[in-house]
Amino acid sequence: TLTDVTIPAKRVQAAILANGPVRQRYGWWELKLQSLAQDGGKGDHVVAPLASETESAQILSSLRWPVAPTTAWQPVSRAYVTSFIGILIPATLATIVALPFLGPVGLLWLAGAGLAVGARWLDWKRARYAIDQDSLFVERGWWRHRRNILPRGKIQSIDLAESWWSRMFGICTLRLGVAGGTCFCDHHVPALTRTEAEALRSELLR
């Protein structure tokens, strides 16, 4: 299947670099550009299905966008993990109590809970953000690793979202509205303290 993608530079709203454990091992990325066009019902255009970071940088340079920040990456709160563990604790304790009756099913649940916590911890190690003069960079995910590049001038809205549970752990999510796109275009920075989220919002709106 051959696709020849042409997008006017001024129509591009955001860029998404994506990979997984295998492609990450060899330094490969999939580069998508988000636009207002809905070709085939999709606003995410794959312009490089398999490219190195250097090759992706060459493509993004045509937009005068950087592929990585010039400033230091900032981690998100450890509550990204602890709040998740807090959700699992009641069910895990109940499983331990009922283990003699549940047998293999209970052991499978405990093993699954342990794997889920491990995966969450790996995701937390990858969750970070950075802001430079012109763009916000957000990286998330271990198994499905994403780096979202959002020029400041393309951000349409900035929302602070928190549930009663996240509020107990002192964290909230900063959600960023960008025109167009579907599927992978959920742009947000998870597990920020309220102070960090408000400071980041103020800096993006400055």
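Predicted model: local features only at pLDDT ≥ 70, side-chain atom pairs only at ≥ 80, totals over all residues.
Student: Okay, and where is Leu-63 found?

Tutor: Leu-63 sits in the loop between α2 (53-61) and β4 (74-75). Helices (H or I, at least four residues) and strands (E, at least two) are DSSP runs numbered from the N terminus.

Student: Does Leu-63 count as buried or exposed?

Tutor: Leu-63 counts as buried because its relative accessibility is 15%. Buried means under 20% relative accessible area, exposed over 50%, and partly exposed in between, with a 1.4 Å probe and protein chains only.

Student: How far is its C-alpha from that of Lys-10?

Tutor: The two C-alpha atoms are separated by 8.1 Å, and Leu-63 and Lys-10 are 53 residues apart along the chain.

Student: Switching to the surface: which residues make the nonpolar patch?

Tutor: Val-22, Tyr-26, Trp-28 and Leu-50 make a nonpolar surface patch of about 440 Å². Patch residues have over 30% relative accessible area and no salt bridge; like charges are joined within 9 Å, and nonpolar side chains (Val, Leu, Ile, Met, Phe, Trp, Tyr) within 5 Å. A salt bridge is a side-chain nitrogen of Lys or Arg within 4 Å of a carboxyl oxygen of Asp or Glu. Accessible areas come from the Shrake-Rupley method with a 1.4 Å probe, and for residues only the protein chains shown count as cover.

Student: How many aromatic pairs does the structure hold?

Tutor: The structure holds five aromatic pairs. Tyr-26 and Trp-28 are stacked, because their ring centres are 5.2 Å apart and their planes are at 25 degrees. Trp-142 and Trp-143 form a tilted pair, 5.5 Å centre to centre with 55 degrees between the planes. Rings of Phe, Tyr and Trp (its six-membered ring) pair if their centres lie within 6.5 Å; planes under 30 degrees apart count as stacked, over 60 as edge-to-face and the rest as tilted.

Student: What lies over the face of Tyr-26?

Tutor: Arg-25 does, at 5.5 Å from the ring centre. That needs NZ of Lys or CZ of Arg within 6 Å of the ring centre and within 35 degrees of the ring normal. Arg-120 lies over the face of Tyr-80, at 3.8 Å from the ring centre.

Note on methods:
Residues numbered from 1 in each chain as written. Heavy atoms only, no water.
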